[in-house]
Amino acid sequence: MSINLASYIDHTLLKPEASKAQILKICDEAKQYHFASVCVNPSRIALVAEALKGTGVTPCCVVGFPLGAIPSESKAAETAVAVKNGAGEIDMVINVGAAKDGDWDFVESDIAAVKAACGEAKLKVIIETCLLTDEEKVKACIAAKNAKADFVKTSTGFSKAGATVADVKLMRETVGPDMGVKAAGGIHNREEALAMIEAGASRLGASSGIAIVEG
């Protein structure tokens with residue numbers, strides 16, 4: 001499979017202890033390798049947006065991260081601030097508790113609140129696959145699609161497990177060919193990355209972007 005792997009990768013640093021120097025370093029790496037985006041926590045998005053200006057690499061910010069268990073109003077407000085500070089993409093976490101309750105109307109309205117706050121920014125919806133049954137994964141994907149999100153995403157990387165080929169395949173089958181599917185969490189090398197893409201991933205979240213690209 002001859003593909004430009006770098007163009008799939010959201011170069012990610014979400015550790016709470018990440019320093020300004022470390023954030024700027026991943027921005028430099030993203031520019032060098034032409035990654036799709038640099039994904040960081042909200043307090044760092046303005047720094048990243050400034051560092052990536054004019055490079056074609058998108059500043060990406062997580063919202064309601066990593067638990068998704070804050071009120072919809074808070075997620076929307078966090079999103080609005082991130083977009084104001086330069087985020088071109090938002091990766092939000094669903095309300096997993098509401099999903100476990102089977103309250104899919106709430107899950108959808110929670111996503112829709114964030115989507116409304118995104119403006120022109122693209123929205124990726126983290127469903128945290130390791131906490132859901134297959135049936136719940138399907139319903140979460142449908143809720144994200146109904147709320148007009150741009151992507152569904154497997155994982156935060158902060159829970160029990162990350163992306164699996166089976167989950168990516170299920171998500172792709174559920175959302176169809178036109179919506180984005182992002183695999184994130186535990187993708188460390190070229191082989192794993194290619195397996196995710198073959199299963200239907202159109203984006204990869206990874207902190208090992210350079211190792212993946214250089215094989």
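This is a short tour of a predicted model, stop by stop.

**Stop 1: the barrel.** Show the strands as a cartoon. Eight of them close into a barrel, in the order β1-β2-β3-β4-β5-β6-β7-β8, with parallel pairing. Neighbouring strands of this sheet are turned by 25° against each other on average, direction ignored. Now select residues 9–12 and 37–40. These are β1 and β2, which run parallel and are joined by three bridges. Find Asp10; Ser37 in β2 stands opposite Asp10.

Stop 2: Select residues 104–118. This is helix α5, which lies across β4 (89–93) and β5 (122–126). Helix α5 runs at about 160° to β4. Stay on α5 and pick Asp110. Its salt-bridge partner is Lys75, with the closest N and O atoms 2.6 Å apart. That pair links distant parts of the chain: Asp110 sits in helix α5 and Lys75 in helix α3, 35 residues apart. Both Asp110 and Lys75 are buried.

**Stop 3: Lys124.** Select Lys124 and Glu89. Their side chains meet in a salt bridge, 2.7 Å from N to O. Lys124 is in strand β5 and Glu89 in strand β4, so the pair ties together parts 35 residues apart in sequence. Lys124 and Glu89 are both buried. Then show Phe151. Lys124 lies over the face of its ring, 5.9 Å from the ring centre.

**Stop 4: a pair within one helix.** Select residues 20–33, helix α1. Asp28 and Lys31 form a salt bridge here, their closest N and O atoms 3.6 Å apart. The two are about one helical turn apart, because they are three residues apart in this helix. Asp28 is partly exposed, at 46% relative accessible area. Lys31 is partly exposed too, at 29%.

**Stop 5: the aromatic pairs.** How many aromatic pairs does the whole structure hold? The search finds two. Select Tyr33 and Phe35: they are stacked, 5.6 Å centre to centre, with 15° between the planes. Tyr33 is buried at 18% relative accessibility, and Phe35 is buried at 2%. Next, select Phe65 and Phe158. Their planes stand at 85° and their centres are 5.2 Å apart, so this pair is edge-to-face. Phe65 lies in the loop between β3 and α3, and Phe158 in the loop between β6 and α7, 93 residues apart. Phe65 counts as buried at 19% relative accessibility, whereas Phe158 is partly exposed at 45%.

Note on methods: Residues are numbered from 1 along each chain as its sequence is written. This is a predicted model: local features need pLDDT of at least 70, side-chain atom pairs count only at pLDDT 80 or more; totals for chains, interfaces and linings use all residues. Side-chain values use heavy atoms; hydrogens and water are left out. Two strands pair if DSSP finds at least two bridges between them. Helices (H or I, at least four residues) and strands (E, at least two) are DSSP runs, numbered from the N terminus. Axes are lines fitted to C-alpha atoms, for helices over the stretch in contact, and angles run from 0 to 180 degrees between N-to-C directions. Contact means heavy atoms within 4.5 Å. Rings of Phe, Tyr and Trp (its six-membered ring) pair if their centres lie within 6.5 Å; planes under 30 degrees apart count as stacked, over 60 as edge-to-face and the rest as tilted. Buried means under 20% relative accessible area, exposed over 50%, partly exposed in between (1.4 Å probe, protein chains only). A charge sits over a ring if NZ of Lys or CZ of Arg is within 6 Å of the ring centre and within 35 degrees of the ring normal. A salt bridge is a side-chain nitrogen of Lys or Arg within 4 Å of a carboxyl oxygen of Asp or Glu.
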